[in-house]
Amino acid sequence: PTGRPVPAPAFESMFDGIDTNGDGQLTREEWRVAFNVLDVDRSGTISKSEWQAQLGQTHMFDVIDHDGSGNINREEWDKAFDIFDRNRDGIIDTSDWESASLKPNKAASSLPGSRRQGASTAT
């Protein structure tokens with residue numbers, strides 16, 4: 001991951017895609033439904049190829065895949081909701097979404113149990 005922010009159009013498009021009722025807010029239920037939609041092969045994880053085939057970009061994938069496994073599991077997905085829900089009201093609104101940290105190393109290291117926490121950036 002480069003630490004580059006997710007391009008705005010892809011980011012906005014993702015929000016709109018998850019917001020199935022169009023009310024400008026993402027509930028935890030909508031977030032969980034989105035996981036099921038992205039998990040095309042029903043393996044219980046979202047692979048990078050599944051993500052890219054549906055969303056085109058992978059910047060945000062790298063943010064959510066905090067253990068660097070190349071797959072997003074439900075625990076990582078749910079933790080990402082908590083990162084985006086900046087005011088902890090159980091809903092991600094456009095303000096939460098737009099102000100969330102999208103730099104993979106920073107967001108990933110804020111997740112409890114992240115293997116990237118304090119990890120070296122050596123290649």
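Let's start in the loop between α1 and β1 (25–27), where asparagine 21 has its place. The model is a predicted one, in which local features need pLDDT of at least 70 and side-chain atom pairs count only at pLDDT 80 or more, while totals for chains, interfaces and linings use all residues. Residues are numbered from 1 along each chain as its sequence is written, and side-chain values use heavy atoms, with hydrogens and water left out. The helix and strand names come from DSSP runs (H or I of at least four residues for helices, E of at least two for strands), numbered from the N terminus.

Is asparagine 21 buried or exposed? Asparagine 21 counts as exposed, at 52% relative accessibility. For these words, buried means under 20% relative accessible area, exposed means over 50%, and partly exposed is in between (1.4 Å probe, protein chains only). The side chain of asparagine 21 reaches the backbone nitrogen of aspartate 23 at 3.2 Å. Its own backbone nitrogen lies 3.4 Å from a polar atom of the glutamate 30 side chain. A polar contact here is a pair of N or O atoms within 3.5 Å; within protein, one must be able to donate a hydrogen and the other to accept it, and residues adjacent in sequence count only if both atoms are side-chain atoms.

That brings us to glutamate 30, found in helix α2 (residues 28–38). Glutamate 30 is buried but has no salt bridge, and the nearest side chain of opposite charge, arginine 28, is 11 Å away. On charges, Lys and Arg count as positive and Asp and Glu as negative, while His and the chain ends are not counted. Leaving aside residues up to four places away in sequence, glutamate 30 touches Ile18, Asp19, Thr20, Asn21 and Gln25. Contact means heavy atoms within 4.5 Å.

Helices α1 (8–18), α2 and α3 (48–55) each supply at least two lining residues, and α2 gives the largest share, five residues.

### Salt bridges

The structure holds four salt bridges. A salt bridge is a side-chain nitrogen of Lys or Arg within 4 Å of a carboxyl oxygen of Asp or Glu. Here are some of the pairs.

| Pair | Closest N to O |
|---|---|
| Aspartate 78 and arginine 32 | 3.5 Å |
| Lysine 48 and aspartate 62 | 3.0 Å |

Take aspartate 78 and arginine 32, which form a salt bridge. Aspartate 78 lies in helix α5 (residues 74–84) and arginine 32 in helix α2, so this pair ties together parts that are 46 residues apart in sequence. Aspartate 78 is partly exposed at 22%, and arginine 32 is partly exposed too, at 37%.

Lysine 48 and aspartate 62 make another salt bridge. This pair links distant parts of the chain, from helix α3 to helix α4 (residues 59–64), 14 residues apart. Lysine 48 is partly exposed at 32%, whereas aspartate 62 is buried at 15%.

Glutamate 75 and lysine 79 both sit in helix α5, four residues apart, about one turn of the helix. Glutamate 75 is partly exposed at 48%, while the buried residues in α5 include Lys79, Trp77 and Phe81. At the start of α5, a side-chain oxygen of asparagine 73 comes to within 3.0 Å of the backbone nitrogen of glutamate 75.

### Phenylalanine 15 and the whole chain

Back in helix α1 we find phenylalanine 15, which is buried with a relative accessible area of 4%. Among the residues it touches, not counting those up to four places away in sequence, are Leu26, Ile92 and Trp97. Phenylalanine 15 and leucine 26 are 11 residues apart in sequence and 7.8 Å apart in space, C-alpha to C-alpha.

Zooming out, the chain has seven helices and four strands, running α-β-α-β-α-α-β-α-β-α-α from the N terminus. Buried residues make up 38% of its 123 residues. Of the contacts with a separation of 6 or more, 55% join residues 24 or more positions apart.
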